[in-house]
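Me: I have a structure open and would like to learn how to read it. Could you walk me through a few features?

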Amino acid sequence: MTTTSAPGRRIGGRWIDHWDPEDEGFWQRTGSAIACRNLWQSIFSEHIGFSIWTIWSVLVLFMGPEYGFTAAQKFFLVAVPTLVGSILRLPYTFAVARFGGRNWTIFAASLLIVPTILAMVVLEPGVSYTTLLVVAAVAGVGGGNFASSMANINAFFPEKEKGWALGLNAGGGNLGVPVAQLLGLLVIATLGAGSPRVLLAVYLPFIVISAFLAWKRMDNIAAMSNDTGAFTEACRDRQTWIMSFLYIGTFGSFIGYSFAFGLVLQNQFDRTPLQAAAVTFIGPLIGSLIRPYGGKLADRFGGAVVTLWNFVGMAVATLVIIFASGIESLTLFTIGFIGLFTLSGVGNGSTYKMIPAIFTGRARVAIAGGADRGTSFDTARRLSGAVIGIAGAVGALGGLFINLAFRQSFMTVQSGTPAFWSFLAFYVLCIGVTWAVYLRPRAALVGSTEAAAMARV
């Protein structure tokens, strides 16, 4: 199945020339073991990438009055890597098709050394705000790892297991957020808020190990390397933009709140760095751990159903937060925020399950109409991989919007309440879109390819 020499533009070794996970015999004989080996290594590499991407949400907790920065400046500082990581998700997605999943993972994992060392060099009182903005922007490379990892793993698994596999991959990667926050808490509790370099130094050996294990254990799929037009085709498909919009509400919420939660606690409830760090990790931890189960629920009940009710829950949790802000209840505020994190994790799993389901459903309709089976499923994998990358990039921009909303809110009224009202309005809009596109009666479309594909979402 694998070859160390390959024609054309292939780079490096460990290429798989034949890959058909929808063939049950192939999957049972060899496919499952190879896919799982790639999955577990992908999770580890993505985990480290997430940690470096979101580490500035922890580093700002080390930046006391001696740094001379306002709350608004700190919110903008943590928004910068969110923006860069969101933009990089598009080229990272298609780098898998160009260079191979294994090869790109090695490169992307190794690249994380750069922002880590830069932060170690510059982070101290007296550093200019512009310098910190530039260094924080470089940390955005960690955000791109998610898109390439998800596009790669999507190609390895059959439709019936994509929800669970993509949920595990994303959830394990998302765990990089609370792990970085827990390590930050440990450093602050033991060494004080003046030792951010210790946190950064902890990650350097893990970055090296991640790159080495990717080289040792992962594979490239040849069918993905032949993809040249998936991005253009995906951009023309309306489902790409609908799913991207919904992903803003799920993953955008998760990453945005992960960056902002500690700062909100410090500025709205006057928490110290240690007090904020002691709570900040809980929500991202639960949201990360529950993400695979969001995918599993979607495998069982359908991604659209789970996503709809999940947005209803997020709207309710936001109302709880608004109420808690009004009565200045830190306990209720924290409970509501943790509820938001939990639901964003479930929604992350269910929305990503919807993407391959849409295109695999179309493939099955085409096969029933006489199209070639192999070509149809290859097209579904190509397009779903491309849409995963696009939705991941657009969805991550939700994290930028959340931090900018908090920045403006605290600048004007010294509270996050106006920002939460805007988030509530967005979740209500997501409820309407999910129902209108995927769940309302589609009698007018019965018999169409689109309707048949949507019936499987």
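Predicted model: local features only at pLDDT ≥ 70, side-chain atom pairs only at ≥ 80, totals over all residues.

**Reading helices, the core and contacts**

Me: How many residues does helix 16 have, and what is its reach?

Reply: The expected span of a helix is 1.5 Å times one less than its number of residues. Helix 16 (residues 303–327) has 25 residues, and from its first C-alpha to its last it reaches 36 Å, close to the 36 Å expected.

Me: Which residues have the most contacts inside the largest nonpolar core?

Reply: A nonpolar core is a set of buried Ala, Val, Leu, Ile, Met, Phe, Trp, Tyr and Cys residues joined through side-chain atoms within 4.5 Å. Buried means under 20% relative accessible area, exposed over 50%, and partly exposed in between (1.4 Å probe, protein chains only). Here the largest core has 123 residues, and Trp56, Tyr257, Phe333 and Phe406 have the most contacts inside it. Helix 13 (residues 238–268) gives the largest share of this core, 14 residues.

Me: What does Phe406 touch?

Reply: Contact means heavy atoms within 4.5 Å. Leaving out residues up to four places away in sequence, the partners of Phe406 include Phe75, Tyr257, Val264 and Phe420.

Me: Is Asn38 buried or exposed?

Reply: Asn38 counts as buried because its relative accessibility is 0%. Asn38 sits in helix 1 (residues 24–54). A polar atom of its side chain lies 2.7 Å from the backbone nitrogen of Asp219. Beyond four places in sequence, Asn38 also touches Ile153, Phe156, Arg217 and Met218.

Me: And where is Leu59 found?

Reply: Leu59 is in helix 2 (residues 56–59), and it is buried, with a relative accessible area of 0%. Among the residues Leu59 touches, not counting those up to four places away, are Leu123 and Pro196.

Me: How many disulfides does the structure hold?

Reply: A disulfide is a pair of cysteine sulfur atoms within 2.5 Å. The structure holds zero. Cys36 counts as partly exposed at 28% relative accessibility, and Cys235 counts as partly exposed at 25%.

Notes
Residues numbered from 1 in each chain as written. Heavy atoms only, no water. Helix = DSSP H or I, 4+ residues; strand = E, 2+ residues; numbered from the N terminus. Polar contact = N/O pair within 3.5 Å; in protein donor to acceptor, adjacent residues only side chain to side chain.
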